[in-house]
Every structure is written in structure tokens, then in C-alpha cells.
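The following report describes the protein chain shown below.

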Amino acid sequence: IPDAPWFGVDVDDYRRKREWYLKKTVQGAVEHAKRTGRSVGLVPMPNYERRFVHSYVQDVYPDFISDSIGDGAQRRVVLRLK
């Protein structure tokens, strides 16, 4: 259907809870990367979650770079120091 409106359903506040979880995951990964000096790969996640993580890292951790690696369902975000 070419001009059908798009809408999303947020059951039981899932999106807000997931974004909180992703922020906590990034915070832990950043701390680990600072301690070890090595890059940290996150678990594979869908495109909209990777986009959220890239934006969050860019806004909150300017001394870090986030890249996506992998293909398809195995695509993940990797965080590393600049």
C-alpha cells in the first residue's frame, strides 16, 4: 500500500525500557574500553537500536567512536576510543 500511514505500538513501555537498557549497556562498554584500552563489541541488534546507540555515543561520549560491523542479523556496534 503506497500511501499507508506508518505507526508504531509501544506495548508496556517497551521502547523506553529498551532505550534505558541500551544506555546502561553502552555505559558499561565504555567503562570497559577505558579500563582495557581495547574496543568493545555489543551484542547484535536491529537497525533502529544500532542507530540509537550511535546517536547516544556521539552525544554523550565524544571521545568514543561507534561503528557497525557484520551482516544481517549478526550486525553489531563496536565502540572504541578516538
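What pattern does the protein chain follow, read along the sequence? The pattern is α-β-α-β-β, made up of two helices and three strands. Helices (H or I, at least four residues) and strands (E, at least two) are DSSP runs, numbered from the N terminus.

This is a predicted model, in which local features need pLDDT of at least 70 and side-chain atom pairs count only at pLDDT 80 or more, while totals for chains, interfaces and linings use all residues. Residues are numbered from 1 along each chain as its sequence is written, and side-chain values use heavy atoms, with hydrogens and water left out.

**Confidence.** The average pLDDT (the predictor's confidence in each residue, from 0 to 100) of the protein chain is 94, and 98% of the residues score at least 70. Among the elements, the mean pLDDT is lowest in helix α1 and highest in strand β1, as tabulated here.

| Element | Residues | Mean pLDDT |
|---|---|---|
| Helix α1 | 14–36 | 96 (lowest) |
| Strand β1 | 40–41 | 98 (highest) |

**Extent and surface.** The C-alpha trace spans about 50 × 30 × 20 Å along its principal axes. The accessible surface, from the Shrake-Rupley method with a 1.4 Å probe, comes to about 6100 Å², and carbon and sulfur atoms account for 54% of that surface. Of the 82 residues in the protein chain, 23% are buried, where buried means under 20% relative accessible area (1.4 Å probe, protein chains only). Contact means heavy atoms within 4.5 Å; among contacts between residues at least 6 apart in sequence, 51% join residues at least 24 apart.

**Nonpolar core.** A nonpolar core is a set of buried Ala, Val, Leu, Ile, Met, Phe, Trp, Tyr and Cys residues joined through side-chain atoms within 4.5 Å. The largest such core has 15 residues, of which Val-26, Leu-42, Val-53, Val-57, Tyr-61, Phe-64 and Leu-79 touch the most other members. At least two residues each are supplied by α1, α2 (47–60) and β3 (76–81); the largest share, five residues, comes from α1. Leaving aside neighbours within four places in sequence, Tyr-61 is in contact with Val-26, Gln-27, Val-30 and Tyr-56.

Glu-49 is found in helix α2. Why does Glu-49 count as buried? Glu-49 counts as buried because its relative accessibility is 3%. Apart from neighbours within four places in sequence, Glu-49 is in contact with Tyr-14, Arg-18 and Leu-22.

Terms used:
Buried means under 20% relative accessible area, exposed over 50%, partly exposed in between (1.4 Å probe, protein chains only).
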